[in-house]
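Student: Could we go through this one together, starting with the charged side chains?
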Amino acid sequence: MSDIILGIESSCDDTSAAVIADGLLKSNVIASQKVHEAYGGVVPELASRVHQQNIVPVVSEALRQAGVRAEDLSAIAYTRGPGLLGSLHVGTSFAKGMAIGLDIPLVDVNHLHGHVLSHFIKENPEDETPEFPFLCLLVSGGNSQIVFVSSPSEMRIIGQTIDDAAGEAFDKCAKIMGLPYPGGPHIDRIASEGDPTRFKFSKPHTAGYDYSFSGLKTSFLYTLRDAVKEDADFIEKNRADLCASLQKTIIDILLSKLEPAIRETGVRHVAIGGGVSANSGVRQAVSDLCGRLGVRAWIPARKFTTDNAAMVAMAGYYKYQKKEFCDLGLPPFARTTI
Ligand code: KG4
């Protein structure tokens, strides 16, 4: 009999459901929420309400695309946290209700484990996966971490941001330039036409493998504020160079810790994950660094970089095989380390 896992993700502003059967991805449906664009950031209460509207059609569509019935499922895996509590409650409650109704086990998944394990999602049996132990640079709107991964269930954060995340640096600087939310993809696109050496922004001095991005945001803000006083059209005229220089600075900061972490841990495989790993500059820079150090780089398909249920189903599949089920009374959590 097949092991068929339904994954449910609702930690932020994407409602997603996916089906994994015997380790192979059968469907991955994502409903992104457009409602937040008008506010320049995710509004938690609106996110919960849209999750409620989306969850039934998204799960139905994931089952339909996978060609399985609810009765065929072996277990339900869901994101327990970290994330927005209201949003997490929608996925958690739905997963619990479905598990009770079908009388099958429930598996809780840490969202960050999901991002790391997104490299183990197989669409074809011959797809390759990283070798343990490996390092994962996890960079998203809420996290910037270097994770030492020993096995699907054992991972340790060896460095993390002490303030803003890399995605926040992209989004907040984009907002200062008047770009729509989320700004990361816009900066990525515009940066390709600019000169990355034109502007210099401040870089942090943090201990060990820890990151900091709030100083960069302040330095960016002050550069623009002073320049706009002299020339009101400064941003308009220099947008491409500003985006390219900002993106280059963020990449330099990320690599300034990733490189020593690779050297000092001696890992042979390095992965990236999270929304910011969709950035073309980050992808290229990590590939180049790994090439230079002679280690293998794992750059995820763009569809698996942002929040998705395929990674939740994958992480759930590992826990299901070890019979690591959770109690129906388990509450979601907003914050956590891995
Ligand atoms: O992992 P994710 O979908 O969820 C959150 O943690 O919220 O990451 C979202 C973040 C946002 O900050 C977004 O601007 C950033 O990922 N992002 C990018 C790109 N695509 C998404 N940042 C830079 N370049 C991109 N191409």
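Tutor: Let me begin with the term itself: a salt bridge is a side-chain nitrogen of Lys or Arg within 4 Å of a carboxyl oxygen of Asp or Glu. This is a predicted model, in which local features need pLDDT of at least 70 and side-chain atom pairs count only at pLDDT 80 or more, while totals for chains, interfaces and linings use all residues. Residues are numbered from 1 along each chain as its sequence is written, and side-chain values use heavy atoms, with hydrogens and water left out.

Student: How many salt bridges are found in the whole structure?
Tutor: A search of the whole structure gives 20 salt bridges.

Student: What is the N to O distance for Glu61 and Arg64?
Tutor: Their side chains form a salt bridge at 2.8 Å, N to O. Glu61 and Arg64 lie three residues apart in helix H1 (residues 44–66), so about one helical turn separates them; helices here are DSSP runs of H or I with at least four residues, strands are runs of E with at least two, and both are numbered from the N terminus.

Student: And is Arg239 buried or exposed?
Tutor: Arg239 counts as buried because its relative accessibility is 18%, where buried means under 20% relative accessible area, exposed over 50% and partly exposed in between, using a 1.4 Å probe and protein chains only. Its salt-bridge partner Glu236, with closest N and O atoms 3.2 Å apart, counts as exposed at 56%.

Student: Switching topic, how many residues of strand S6 are buried?
Tutor: Six of the six residues of S6 (residues 134–139) are buried, so the strand is largely enclosed by the rest of the structure.
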